[in-house]
Amino acid sequence: MIRRASLVIVGALLGATAMSVIYSAGVPAQAAGPSTYRELSIFGDVFERVRAQYVTPPDEEKLVENAINGMLTSLDPHSSFMNAKDAEDMRTQTRGEFGGLGIEVTMENELVKVIAPIDDTPASKAGILAGDFISEIDGAPVRGLKLEEAVEKMRGGVNTPIKLTIIRQGADKPLDITVVRDIIAVRAVKSRVEGGDVGYVRVISFTEKTYDDLEKAIKKIKADVPADKLKGYVLDLRLNPGGLLDQAINVSDAFLERGEVVSTRGRNAEETRRFNAGPGDLTDGKPVIVLVNGGSASASEIVAGALQDLRRATVLGTRSFGKGSVQTIIPLGDAGALRLTTALYYTPSGKSIQGTGIQPDIKVDQPLPPELQGKVRAEGESSLRGHIQGAAETDEGSGSAAYVPPEAKDDIQLNYALDLFRGVKKDSSFPPSPDKAAAATIKK
């Protein structure tokens, strides 16, 4: 199997969530023409006028940062400048671990609500419970903070203490709990056995830990269910916004014995890169169904596209987001980093999903509950202002509703997949046969 180290990341822009591609590029810049330098001189004059004459003294650092971002965002929705803090946040996100407490949280009634403490973390050891409300962090009120700001305050250096004021149902008064931060590893993969005969694996994001977590999940499923009873695997990529390219390749390779997984093509022909799978299917050839929806983007689309084109898996659900571009992260020292779109990626059959997305083999809609109807809009890459026009993009565009029910019993897409495994439902696309994949796809 492929287990190559790579510094490339792919990702998607989904609402406020942006994942990118990391790749340390050493390509020399070509000198600009005289007219370009005249324009830069005009920019310098404008900057000096604003700095010296604006009605209130502007933040000069912000002026420059916004000017750079204005240039980059005029290119496409995924190119941008990251200051030092943003760049470090991105590195933390892709590492899949950080210094923190180990709680999953949301915002409710202007307080931070604990969804659940993660097992064997500082939060669970300190006695924080699901349903607790955090009203103060180190004596400062939570009210008035955004969730992201509260989470940032709770993260910090390993072995540093933090005092949380907890409001707990049934308690006479607020509780003060001191927690000592530690390294928190974010689970990239969650898994379980459905009905005693189908392995369910959900890939949440593509971080540095994803393949290792996937391997452990499959090993556990195989240990829990005898091979003669295990009908196959559901690989759930719904609501997965993307992540590291090398992890997308490795996850694809985990189910493959051969074939091209993905290719990336840049501005120049010599920049084309191809990634191939090697022998070693972790699932021993068991049937696979991949679930996708409008929240499946970039790295998750690479996996779905590879397994679909190579006929290793049946893709079920609704059209994916359609982000088929690769970003390069160019470090700028202490200033931060430049995130620049440098290539498009292509599935094994040579298709670009930019602006079109992955079309499932079996389309199964997931209805929205009454309380969300009219509030969740189907969005995709094709709806983003200034997106790169895909080679195969049409007026139909990409994307679909990105909703997954919290309870498996209400999950129509998952239950449709389970019915296929158990023969309750039948479809000509399931199970697929890798032997029938086009020769061009395998040998390309």
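## Around helix α7

Let's start with a crossing: α7 passes α8 in a right-handed way, where right-handed means that the near helix is turned clockwise from the far one by less than a right angle, and left-handed that it is turned anticlockwise. Helices here are DSSP runs of H or I with at least four residues, strands are E runs with at least two, and both are numbered from the N terminus. This is a predicted model, in which local features need pLDDT of at least 70 and side-chain atom pairs count only at pLDDT 80 or more, while totals for chains, interfaces and linings use all residues. Residues are numbered from 1 along each chain as its sequence is written, and side-chain values use heavy atoms, with hydrogens and water left out.

Helix α7 covers residues 245–253 and α8 covers 299–309; the two pack at about 30 degrees, with axes 9 Å apart. The axes are lines fitted to C-alpha atoms, for helices over the stretch in contact, and the angles run from 0 to 180 degrees between N-to-C directions. From α7, Leu245, Ala248, Val251 and Ser252 meet Ala299, Ile302, Val303, Ala306 and Leu307 of α8, contact being heavy atoms within 4.5 Å. By class, that contact has eight nonpolar residues, one polar and no charged. For the classes, Ala, Val, Leu, Ile, Met, Phe, Trp, Tyr, Cys and Pro are nonpolar, Asp, Glu, Lys and Arg are charged, and the others, Gly among them, are polar.

How many of the nine residues of α7 are buried? Nine of the nine are, so α7 is largely enclosed by the rest of the structure. Buried means under 20% relative accessible area, exposed over 50%, and partly exposed in between, using a 1.4 Å probe and protein chains only. The buried set includes Asp246 and Asp253 as well as Ile249.

## The six-stranded sheet

Six strands make an open sheet with mixed pairing, in the order β13-β14-β15-β19-β20-β23; two strands pair if DSSP finds at least two bridges between them. β13 (189–194) and β23 (362–363) stand at the edges with a single partner strand each, so one side of each has no neighbour in the sheet. β13 pairs with β14 (residues 198–203) in the antiparallel sense over six bridges, and Glu194 stands opposite Val198 in β14.

Helix α8 packs on this sheet too, touching β15 (232–236), β19 (288–292) and β20 (314–317), and its direction makes about 140 degrees with that of β19. Helix α9 (residues 412–421) lies across β13, β14, β15, β19, β20 and β23, running at about 165 degrees to β19.

## A hairpin elsewhere

Strands β17 (residues 260–266) and β18 (residues 273–276) pair in the antiparallel sense over four bridges. A hairpin of six residues joins β17 to β18, and Thr264 stands opposite Arg273 in β18.

Most residues other than glycine have a negative phi, and most peptide bonds are trans. Asp138 has a positive phi near 50 degrees without being a glycine. Asp138 sits in the loop between β8 (133–137) and β9 (140–141), and at 48% relative accessibility it counts as partly exposed. Ser298 has a positive phi as well, about 55 degrees. Ser298 lies in the loop between β19 and α8, but at 0% relative accessibility it counts as buried.

Which peptide bond is cis? The one from Phe430 to Pro431, with omega near -5 degrees. Pro431 is in the loop between α9 and α10 (439–443).

## One lysine to finish

Lys125 is in helix α4 (residues 122–126) and counts as exposed, at 64% relative accessibility. Lys125 and Lys190 are 65 residues apart in sequence and 22 Å apart in space, C-alpha to C-alpha.
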